[in-house]
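Please look through the sequence and the structure shown here before reading on. The briefing that follows moves from a side-chain detail to aromatic rings, a helix, a sheet and the confidence of the model.

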Amino acid sequence: MKKKLIALAAVGALIAGLAGCSSAPATSGGDAPAAKDLKDLVVGFAQVGAESGWRTANTKDIQDSFKEAGIELKFSDAQQKQENQIKAIRSYIQQKVDYIAFSPVVETGWDAVLNEAKAAGIPVILTDRAVDSKDESLYKTFLGSDFVAEGKKAGEWAKTEFADADSVKVVQLEGTTGAAPAIDRAEGFADVIKGDKKFDIVASQTGDFTRAGGRQVMEALLKSQPHIDLVYSHNDDMGLGAIEAIEAAGLTPGKDIKIITVDAVHDGMQALADGKINFIVECSPLLGKQLIDVIKTLNEGGTVEKRIVTEETTFTQEQAAEALPDRKY
Ligand code: AHR
């Protein structure tokens, strides 16, 4: 029996370690409240919006995870506006919630409201997207993907795919201006292709991470650009919008114009399996379980890593066809 308990404790420690959490009490004298029953905890979550399939899956996963953990969740949708998110955070501070979690619409402009949360003794957890602030004490951890690495994976695929080409005209569909994934995915991609002179980003415009935005931008670019070899879209939804525009222009997406997207949500994976997208870099929206682990650890007075990176993969057309039947979102 004793051996069994030791083995169980070891497995528990391993799982906590993988999630970037440690159940050892905080030594920094931080602002973690005394441990509460999970049913007495209240967490405010300020979501970006409902702009994409990724976001819908992320919201569902977070809501389901809180339900399963028996922790009360106050949820707000900022409709992709920073001022709405700031309002929501201020209202959570007023309501004296135990934790605030949020996925920032854009990277900058958070110091004032995060200082208010700090002054009120409410720990903040960043999920999915980072803030650009010099003061790391304003949040406990940033839990989410490495967007620069995602951009690099897209660039590496493009380099291999077009290894024998003399020139590659690229159109980039950017995410929301000022958002971490838009900035970082552009940076990672540019970093990889910059040494290869044949790549030319002939246009780069925001489609705000939406399908309608992707379609609109692509329609305009198909008129203004005499030749496009590759579309690099910062998410599946904009890529799906671009496919509609390409088809409407009488061209074949995936053949006449190759397409790389990021996310790997169901509709994107279907388009990849159907040959309309050529490559997808995965960005996982399933952050709910890790968020709960972080909250439980902080609630028990433990410490969490300042950065918890989500593990992700990439998909070719063949891999998408294979993965689709078991895809959860
Ligand atoms: O922050 C993650 C990004 O936001 C996803 O790639 C995109 O689809 C979403 O809107």
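In this predicted model, Lys306 lies over the face of Tyr139, at a distance of 5.0 Å from the centre of the ring.

**Aromatic pairs**

- The structure holds five aromatic pairs, and one of them is formed by Phe189 and Tyr232, which are stacked with 4.2 Å from centre to centre and 20° between the planes.
- Phe189 belongs to helix α6 (residues 180-193) while Tyr232 belongs to strand β9 (residues 230-233), so this pair ties together parts that are 43 residues apart in sequence.
- Phe189 counts as buried because its relative accessibility is 0%, and Tyr232 likewise counts as buried because its relative accessibility is 0%.

**Helix α4**

- Helix α4 spans residues 111-119, and within this helix Val113, Leu114 and Ala117 are buried.
- An α-helix has 3.6 residues a turn, so residues three or four places apart point the same way.
- Ala112 and Ala119 are exposed, and they are carried by the face of α4 that is turned away from its buried side.
- The cover over the buried residues of α4 includes α3 (82-94), β4 (99-102) and β5 (124-127).
- After α4 comes Gly121, a residue whose phi is positive, near 75°.

**The open sheet**

- Six strands, in the order β8-β7-β9-β10-β11-β14, form an open sheet in which the pairing is mixed.
- The edge strands of this sheet are β8 (199-206) and β14 (314-315), each of which pairs on one side only.
- Strand β11 (residues 279-282) pairs with β14 in the antiparallel sense, over two bridges, and the bridge partner of Ile280 in β14 is Phe315.

**Confidence of the model**

- For the protein chain the mean pLDDT is 92, and 90% of the residues reach 70 or more.
- The pLDDT is below 50 over residues 1-18, a stretch that has one contact in the model beyond near neighbours in sequence.
- Residues 24-30 also have a pLDDT below 50, and beyond near neighbours in sequence this stretch has eight contacts in the model.

Terms used. Residues are numbered from 1 along each chain as its sequence is written. This is a predicted model: local features need pLDDT of at least 70, side-chain atom pairs count only at pLDDT 80 or more; totals for chains, interfaces and linings use all residues. Side-chain values use heavy atoms; hydrogens and water are left out. Buried means under 20% relative accessible area, exposed over 50%, partly exposed in between (1.4 Å probe, protein chains only). Helices (H or I, at least four residues) and strands (E, at least two) are DSSP runs, numbered from the N terminus. Contact means heavy atoms within 4.5 Å. Rings of Phe, Tyr and Trp (its six-membered ring) pair if their centres lie within 6.5 Å; planes under 30 degrees apart count as stacked, over 60 as edge-to-face and the rest as tilted. A charge sits over a ring if NZ of Lys or CZ of Arg is within 6 Å of the ring centre and within 35 degrees of the ring normal. pLDDT is the predictor's confidence in each residue, from 0 to 100. Two strands pair if DSSP finds at least two bridges between them.
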